Each structure stands twice: as structure tokens, then as C-alpha cells.
Amino acid sequence: METSTATPEVELYPRLAGKVVLMKERLEQLREQLVRTYGVKVHTDALDVCSTDSVSAFFASLPADLSEIDVLVNNAGAIAALGVVSQIFPRGVAGIEAYKGGSIYCASKHAVQAITKSQRKELVHTPLRVTSICPGLVETEFSLVRFKGDTGKASEPYKGLEPLLARDVADAVAYAASRPPHVQVADLLIFPTNQASSEIVHRA
């Protein structure tokens, strides 16, 4: 079974030609991966999405050749998209259905679902497209971070089945972002073949 610890950002680049601006934790690690793998120009920065001033300052500080952003992959939180053609929210199946032991996490993802639906309605008079991508079990660095580097615990959710990989999510992002201007992919729900919901999984 193939496994991957790559992030969706790293897997996405070869599918969408262009330059990359990263706004998340472990920025330098991601930047080095992209530069080493694809030789692409990468600009890293951080901002507080709760602060309008911080968001405005971020866009104002972008290098001239990176100032026109076509696609924003908003992996967490919410951000005002200025001059963006497509805004994509990967948020996981927890934004669609709740499950035992995930009350706080599911609540936060349901909030992102509400933001996504509201933004789509608020922006309907513009060319901006808003997409929500909801993957099921995806084997990435998320579990390692969640379990503080404990590889045994991190691999437990994926035992007995072939989970999605970062490239599968990246394919979905690339598909949504590369549609013709008149096509808006509103929602994509993606499971491994042997997963039917957050709590129904067949394991060999």
C-alpha cells in the first residue's frame, strides 16, 4: 500500500502551473519541499485571519509578480479574498456529519461549512467561485501532529484499508480550480473506497 506524508500544497503544484504563496504553520518546511521538488518560486508569510489589518497588510506586502492571486486554498479559518478567482475550502467530512468523540472538532468544521455556504451566496454577483472539498480518511502529516509524533497512534486510523493520500485531495482542488469560468464546483465529498461515513469503515 502506498503511503505519503506530503501535504496537499506540495502535491497540488504540478497540477496547477504557477507560483505559490503559503500561509500556514511549518512554512519553511513546505517552501523547501516545493523548491526542492519543482524548482518553483515560493513566497512564505503569516497573517492573523481574525484581523482585517493583518490580512490587508499581507496582500500589500506581496512581491509584484505574486500580487495577482488566482486560487486561494483556505485550509483553515476564514479570510477575505481580494482579487481571487477561486476560493477553495478543504474541510473534511467532519463538516458534514458529527461523530462520537469529535464534538469540538466537528463543531468547528460545521462552522466552516456555514461560512462557505454563506460566502457562495454573498458572492453570487461576482466571478468568484467558492468550493468546499470534504475528504474522508487521508493519510498525511495531520495524524503525526495530532499525536505529537507517535507513529503508532498516528497510523492506527488507517490500518486495514487504503486511505486517501494528499495527492488525491490535490487532484480534487486542481479539478475544481481548473473548471471553465462558468462552472462552479460547490461541494466535493471524497472517501476511500472502503469508507462510507465518518463511522462506517470496512477494514481487512
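This is a predicted model: local features need pLDDT of at least 70, side-chain atom pairs count only at pLDDT 80 or more; totals for chains, interfaces and linings use all residues.
Local features need pLDDT of at least 70 and side-chain atom pairs 80 or more, while totals for chains, interfaces and linings use all residues; side-chain values rest on heavy atoms, with hydrogens and water left out.

A search of the whole structure turns up one aromatic pair. Phe58 and Phe59 form it, edge-to-face, at 5.4 Å centre to centre and 80° between the planes (Phe, Tyr or six-membered Trp rings with centres within 6.5 Å; planes under 30 degrees apart are stacked, over 60 edge-to-face, the rest tilted).

Asp65 and Lys41 meet at 2.7 Å, N to O. That pair links distant parts of the chain, 24 residues apart: Asp65 sits in the loop between α3 and β3, Lys41 in the loop between α2 and β2 (helices are DSSP runs of H or I, at least four residues; strands are E, at least two; numbering is from the N terminus). Asp65 is partly exposed at 43% relative accessibility, and Lys41 is too at 41%. Glu156 and Lys159 make a bridge of 3.2 Å, N to O.

As for α2, Leu27, Leu30, Gln33 and Leu34 are buried there. Seen down the axis, the buried residues fall within an arc of 130°, so they line one face of the helix (the arc takes directions from the helix axis to the C-beta atoms).

Terms used:
Residues are numbered from 1 along each chain as its sequence is written. Buried means under 20% relative accessible area, exposed over 50%, partly exposed in between (1.4 Å probe, protein chains only). A salt bridge is a side-chain nitrogen of Lys or Arg within 4 Å of a carboxyl oxygen of Asp or Glu.
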